Amino acid sequence: MHLAESGDPTALSAALRERFAERVGEPPTVVGRAPGRVNLIGEHTDYNAGLCLPVALPHATYAAARARADDRVRVASLQQDDGWEGTLDEAASAPGWAGYAAGVLWALREAGHAVPGVDLVVDSRVPLGAGLSSSAALECAVGAAAAGLLGLDLADEGVREALVAAGMRAETEVVGAPTGGMDQTVAVRGEAGHALLIDFGPGGGTTQVPLDLAGHTLLVTDTRVSHELVDGGYAARRADCEAAAAALGLDTLREATLEPVETLDDERVRRRATHIVTEIARVTATVAALEAGDWAEVGRLFDASHASMRDDFEISCPELDVAVAVAVEAGAVAARMTGGGFGGSSVAVVADERVDAVVRAVDAAFVREGFRSPVHLRAVPSDGAALV
Ligand code: GAF
């Protein structure tokens, strides 16, 4: 059975330092690291002031950096052929993948930090375009490296807030993906052994939820159907949610209940709002079920969440539906699609001794259906952004 490895952070950092020195001519002064994430439940709830429950992956992005004497930013990636070079001002419109990296430096400077020109080389073990938040991992790895260059302490609450905010600005303003903040929050605040309950409502915040998997594995399956948040589907869902809140006379769907939602005239908008209201309730129920070790209930909640995303929010795809159904048939106690949707990954809770059987069953089903071979990984709950 093949699972995509996260690699050893110390070894990856050392290898990246060497590659940086070859390219830049001098060694980096810092290496920042930030993880991808898998969301257990609470999808598209973040921009509706709702709840979600992500876990930081052991698979992370690494950003090696060294300050320059001028105000130029040069970014390169071990995964991408193209790099980017420009001034800190021009970083506000850096194109393609470089926008996530250079955009964070721009956003930190906009927030008042004395960001210097920087040479940056990044490396990633987060599968790209897999709905596992490779973009927030990149943003927050660069943010961690920048904090290192600026002498800011990543354990400091204000610094963490600044990194989350800078990552969000890079993504929404520089790249133009109207996302909601879950990914950057867990990339910075994730803790080993925990899921992170995030409350995006007024006065909300984050709570570490100890995750006692009791002989289970969080198995992620990347369908390799590439998902792009910059495409129109994500923004269209967000617009529908805003339309629903407006029609109900509310600021956000967090304040909505099912009864008035069921009276909404527009059938599509009604189904979108139904997903959000029921999904927020499922997050609270999942936390309770996890705390009680009630895996059967977690299974029911994941099942309902998947159906809601498939039928009401309409963000699933045949590959995700097959991955989820076959995982359950092969013995997973719970499975659902995860992340923004339109491709990407599923997450399943599988008794350790059944992982092999589930992986084989999903692989065989993908062959039968003529889908691309999926990639699986073990989502061991891990720490958020740090220097390595
Ligand atoms: C993507 C977005 F970036 C998040 O903000 C969130 O909305 C998620 O999709 C869906 O839950 O990862």
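## Annotated span and domain boundary

The end C-alpha atoms of residues 18-66 lie 13 Å apart, and the span is 14% helix and 51% strand, where helices (H or I, at least four residues) and strands (E, at least two) are DSSP runs numbered from the N terminus. According to an unreviewed UniProt entry, residues 18-66 carry the annotation "domain: Galactokinase N-terminal"; such annotations may be inferred rather than shown by experiment, with feature names shortened and positions given in the numbering used here. The model is predicted, with pLDDT of at least 70 needed for local features and 80 or more for side-chain atom pairs, while totals for chains, interfaces and linings use all residues. Residues are numbered from 1 along each chain as its sequence is written.

An automatic or database assignment sets the domain bounds, dividing the protein chain into domain 1 (9-209) and domain 2 (210-378). In domain 1, 33 residues are in contact with 41 residues of domain 2, contact meaning C-beta atoms, placed from the backbone, within 7 Å. On the side of domain 1 that touches domain 2, the largest share, three residues, comes from β7.

Five of the six residues of β7 are buried, so β7 is largely enclosed by the rest of the structure; buried means 20 or more other C-beta atoms within 10 Å of a residue's own, all placed from the backbone. Strands pair if DSSP finds at least two bridges between them, as tabulated here.

| Strand pair | Sense | Bridges |
|---|---|---|
| β2 and β7 | antiparallel | two bridges |
| β7 and β8 (residues 206-210) | antiparallel | five bridges |

L51 stands opposite D199 in β7, whereas A195 has V209 in β8 as its bridge partner.

Notes:
Contact = placed C-beta atoms within 7 Å. Buried ≥ 20, exposed ≤ 12 C-beta atoms within 10 Å, placed from the backbone.
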